[in-house]
Amino acid sequence: MTIGVGDRIPQTTFTKATPEGPQPVSSDEFFNGRTVVLFSVPGAFTPTCSARHLPGFVEKAEEFKAKGVDEVACTAVNDAFVLGAWSDNAGAANKVTMLADGNGDFAKAVGLTMDGSKFGMGTRGQRFSMLVRDGVVEQLNVEEPGAFNVSSADYMLERL
């Protein structure tokens with residue numbers, strides 16, 4: 001079943017790259033008591049994700065904060081080392097928090113997986129964005145396959 005507006009974020013564990021090495025991040029601890037914009041990409045360093053999706057959120061990070069968002073976060077079914085390198089490459093540090101979903105547990109728990117086998121990517125998370133307030137989904141924007149419209153930073157900002 002796919003998560004919907006009004007649903008609570010399921011308990012899963014992400015991994016975050018830190019200077020001390022990979023660190024687990026509980027979804028409960030990350031989302032509860034805060035307002036978070038979370039967006040999901042099919043993969044770090046992939047064309048649309050690197051050229052448009054992540055850069056939009058990096059560029060607009062301060063605008064999100066000005067609208068009451070505590071944190072902007074990106075998740076992908078990649079390991080923390082890959083997301084850490086992608087963050088460095090994109091200049092996302094202190095703007096977008098990278099939450100690795102290496103085994104796809106979060107993508108499966110929210111029912112938003114996609115089959116990237118045709119491209120040698122296996123099961124990945126779909127492209128989407130959501131606004132989560134105190135652990136509850138307030139907005140959910142899921143892209144049609146191959147599209148990049150409703151999960152963009154601009155689209156989310158217009159709806160805050």
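Modeller: Gladly! Let's begin with a definition: a residue is buried under 20% relative accessible area, exposed over 50%, and partly exposed in between. Please keep in mind that this is a predicted model.

Biologist: Then which class does E63 belong to, buried, exposed or partly exposed?

Modeller: E63 has a relative accessible area of 40%, so this residue is partly exposed.

Biologist: Thanks! What makes a pair of charged residues a salt bridge?

Modeller: The idea is that a side-chain nitrogen of Lys or Arg lies within 4 Å of a carboxyl oxygen of Asp or Glu. By that rule, the model has five salt bridges.

Biologist: Which residue forms a salt bridge with E63?

Modeller: That is K60, and the closest N and O atoms of the two are 3.9 Å apart. K60 is partly exposed, because its relative accessibility is 21%. There is a further member to look for here: salt bridges link K60, E63 and D154 in a network.

Biologist: Where in the chain are the partners E71 and R34 found?

Modeller: First, the bridge itself: the side chains of E71 and R34 meet with an N to O distance of 2.5 Å. This pair links distant parts of the chain, with E71 in strand β4 (residues 71-76) and R34 in the loop between α1 (27-31) and β3 (35-40), 37 residues apart.

Biologist: Are those two buried or exposed, or something in between?

Modeller: E71 is buried, because its relative accessible area is 15%. R34 has 22% relative accessibility and therefore counts as partly exposed.

Biologist: Which backbone oxygen does the H53 side chain reach?

Modeller: The side chain of H53 reaches the backbone oxygen of S151, at 3.0 Å. Leaving aside neighbours within four places in sequence, the residues in contact with H53 include F39, V41, R127, F128 and F148, and S151 is also among them.

Key: Residues numbered from 1 in each chain as written. Predicted model: local features only at pLDDT ≥ 70, side-chain atom pairs only at ≥ 80, totals over all residues. Heavy atoms only, no water. Helix = DSSP H or I, 4+ residues; strand = E, 2+ residues; numbered from the N terminus. Buried < 20%, exposed > 50% of the residue type's maximum accessible area, 1.4 Å probe, protein only. Polar contact = N/O pair within 3.5 Å; in protein donor to acceptor, adjacent residues only side chain to side chain. Contact = heavy atoms within 4.5 Å.
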